[in-house]
Amino acid sequence: MISEGLPSARIAEPGAAGPVAWARHLTVGYRGRPVWTDANFEIQPGEFVAVIGPNGAGKTTLFRLLLGLLHPAGGELEVFGEAPRRGNPRIGYVPQTHLVDRDTNVEAVQLVRLAFSANRWLPRLTPGQLRSERQATTAALRSVGASEIASKSLGAMSGGELQRIFLAEALVSAPDLLLLDEPLANLDIRRATELVELVHGQVRTRNVATLLVAHDINPLIRHLDKVIYIANGHVATGLPDEVLTSERLSDLYGVPIEVLRDSRGNLVIVGDQDAHQDPAP
Amino acid sequence: MTSFQWVWWNWNILEDLRYMFQFQFVQDLYAAGTLIAILAGVVSYLVVLRRSSFASHALGHAGFSGAAGAVLFGINPFYGLLVATLASGTGIAVLGQRASHRDVEIGTVLAFMLALGLLFLAFYNGYATEAYSILFGEIVGISPAQVVTTFEWGIPTLVVLLVCYRQLMFASLDEEVADAKGMHTALLGFVFMATLAVAISVAVTVIGVLLIFALTVTPAAIAVRLAKRPWHAILISIGVALLAVWAGSFIAFYESPAPTSFFIVLIVFAIYLIVRALPLLARLRAWVASAPTRRSLDSGAPGAPSSAPATPPDSERA
């Protein structure tokens with residue numbers, strides 16, 4: 001279905017739901033230095049996609065492109081059938097860094113409420129506005145299982161609780177594309193697995209295409225529809241079984257890589273010890 | 001108008017107030033002080049939320065040179081303050097998030113600004129009084145013209161804050177998402193700095209540049225310890241600022257020559273200490289409440305398993 005070659009469903013028929021995002025020969029760089037080149041991918045509605053790769057490979061850069069915060073250096077990129085634009089209300093985004101710290105004594109529910117129609121000026125004052133805001137907030141918090149902790153202060157929350165709140169903050173505006181940047185960082189294995197299951201549930205029930213940036217593919221591997229693997233200035237896309245092979249990753253890194261599987265399907269990616277470059281993510 | 005004479009208050013507060021409010025300068029002080037407290041209460045919540053207390057401090061210092069320069073050239077010091085605070089606020093807004101990492105650079109510029117203000121005042125003949133009132137607030141009350149200026153600038157600023165409240169709140173809590181949502185975070189940063197600049201410029205008349213922290217930071221620092229809902233916190237913050245300005249002016253009127261600004265800061269500081277002590281008090285109360293349990297464990301009360309050594313509840317604390 002998906003290959004390294006050109007995306008097949010390019011010709012959008014009128015009325016048909018096209019791909020959520022689509023890229024061909026996409027190249028990106030900062031100040032003339034390419035981060036990665038010639039990326040080809042296509043994300044369909046409701047797909048759960050992992051974006052995997054070592055630190056600094058350009059995973060967040062991909063998000064910045066999709067959000068319209070950064071322009072491609074070459075190639076083509078479309079989001080919902082048009083060039084990416086900043087402030088697209090159909091995209092929900094959870095960045096890796098937040099300003100929340102121990103001193104932020106603000107009820108979590110307030111953040112979710114503010115994210116609903118965040119672009120408006122003036123406080124919500126009419127009963128109708130307040131009701132729709134409250135309903136959307138309650139629904140978003142319930143769907144991520146955060147109703148119980150909604151009145152807790154942001155500064156008093158654990159990493160796992162915060163991720164649920166940020167997820168609700170992104171979901172409250174009912175996006176069609178969800179971008180999650182390293183939501184599993186700082187979570188232990190159990191919490192990471194819980195969060196992946198939660199996200200996966202939302203992907204399926206809301207049919208929201210979701211890109212999740214992670215270092216480690218193993219907590220995700222059972223749920224994924226697609227993998228975007230970024231390393232060494234190149235981008236490989238496809239089904240997990242297609243991409244996560246010794247040949248494809250060796251190709252990507254340019255050094256011999258071996259992909260080992262344990263009895264439960266977990267992967268171990270090992271670089272050749274003789275190679276000068278350490279490719280292990 | 002009754003001529004002013006030295007009196008102590010006599011604990012009949014109503015009569016004290018009636019006596020005090022005969023004076024035009026007291027009415028002026030309370031009119032301006034009320035608006036200043038409301039504005040400072042709101043702005044200070046954003047200062048605390050955005051962790052911009054350093055900026056608040058910086059704007060006050062920069063304002064000193066502006067006010068002193070204006071005095072030297074015979075301009076209304078308020079406009080000197082406004083220009084200097086707006087200019088430095090814009091500078092800090094342009095630096096944005098990086099501003100908090102530039103404290104050495106900003107501090108160096110501030111020291112120069114203060115020195116410049118000192119130079120301006122040295123050239124001016126009314127040196128001591130003017131310097132004193134810019135640094136620590138007016139001692140003898142404020143003029144009707146200052147009241148008018150306070151309202152002309154304070155009311156529009158409150159309106160701006162009301163209009164931008166949602167966006168300012170969201171951008172303060174989650175700037176990166178706000179940016180991705182297409183909100184103009186740089187513009188919002190500037191709006192925040194501009195409202196802070198106006199708040200400081202009007203507040204300097206009652207509290208002075210050196211004590212500005214007590215009105216533009218501490219009220220909200222108190223409020224966020226008591227409330228986690230923004231509107232509650234803002235109301236508490238306004239309440240603290242109002243209480244400090246009203247009660248501070250009242251005490252200063254009857255206790256002069258002690259300056260108003262001293263009592264304002266004293267009240268804010270006292271409330272801050274009490275609020276900081278609340279968690280300690282709660283822990284102390286819990287400890288006292290557990291005293292009977294502790295005693296019964298110590299004396300090996302019936303019912304307590306005698307074979308297993310009872311763990312003293314204090315062991316965690318030790």
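Reader: In this predicted model, how many residue pairs are in polar contact across the interface of chain B and chain A?

Author: The structure is a predicted model, and the pairs counted across the interface of chain B and chain A are those in which both residues have a pLDDT of 80 or more. Under that rule, the number of residue pairs in polar contact is 13.

Reader: Which helix supplies the largest share of the side of chain B that touches chain A?

Author: On this side of chain B, α2 (24–49), α7 (144–173), α8 (175–180) and α11 (218–226) each supply at least two residues. By class, the side of chain B that touches chain A holds 17 nonpolar, 5 polar and 10 charged residues. The largest share, 11 residues, comes from α7(B).

Reader: What area do chain B and chain A bury between them, and which residues of chain B lose the most?

Author: The contact draws 32 residues from chain B and 36 residues from chain A. Between them the two chains bury about 3,000 Å², with 54% of it on carbon and sulfur atoms. In chain B, 27% of what that side buries comes together from the residues that lose the most area to chain A, namely B:Arg166, B:Leu173 and B:Lys228.

Reader: Which residue of chain A meets the side chain of B:Arg166 in a salt bridge?

Author: Between chain B and chain A the count is 3 salt bridges. In the one that involves B:Arg166, the N to O distance is 2.9 Å, and the partner side chain is that of A:Glu133.

Reader: How many residues apart are A:Lys226 and A:Glu47, whose side chains meet in a salt bridge?

Author: Over all chains the count comes to 13 salt bridges, and A:Lys226 and A:Glu47 form one at 2.9 Å, N to O. A:Lys226 lies in strand β8 (residues 226–231) of chain A, whereas A:Glu47 lies in the loop between β2 (33–43) and β3 (48–52) of chain A. The pair therefore links distant parts of the chain, by DSSP-run numbering, and the separation is 179 residues.

Reader: Which helix of chain B gives the nonpolar patch its largest share?

Author: The patch on the surface is formed by B:Leu226, B:Ile274, B:Leu278, B:Leu281, B:Leu284, B:Trp287 and B:Val288, with about 640 Å² of accessible area together. B:Val288 is found in helix α13 of chain B, and the largest share, 6 residues, comes from helix α13 (residues 260–289).

Terms used:
Residues are numbered from 1 along each chain as its sequence is written. Chains are lettered from A and ligands numbered from 1 in the order in which they are written. This is a predicted model: local features need pLDDT of at least 70, side-chain atom pairs count only at pLDDT 80 or more; totals for chains, interfaces and linings use all residues. Side-chain values use heavy atoms; hydrogens and water are left out. Contact means heavy atoms within 4.5 Å. Buried area is the accessible area (1.4 Å probe) that two parts lose on being put together, summed over both. A salt bridge is a side-chain nitrogen of Lys or Arg within 4 Å of a carboxyl oxygen of Asp or Glu. A polar contact is a pair of N or O atoms within 3.5 Å; within protein, one must be able to donate a hydrogen and the other to accept it, and residues adjacent in sequence count only if both atoms are side-chain atoms. Helices (H or I, at least four residues) and strands (E, at least two) are DSSP runs, numbered from the N terminus. Ala, Val, Leu, Ile, Met, Phe, Trp, Tyr, Cys and Pro count as nonpolar, Asp, Glu, Lys and Arg as charged, and the others, Gly among them, as polar. Patches are made of residues with over 30% relative accessible area and no salt bridge: like charges are joined within 9 Å, nonpolar side chains (Val, Leu, Ile, Met, Phe, Trp, Tyr) within 5 Å. Accessible areas come from the Shrake-Rupley method with a 1.4 Å probe; for residues, only the protein chains shown count as cover.
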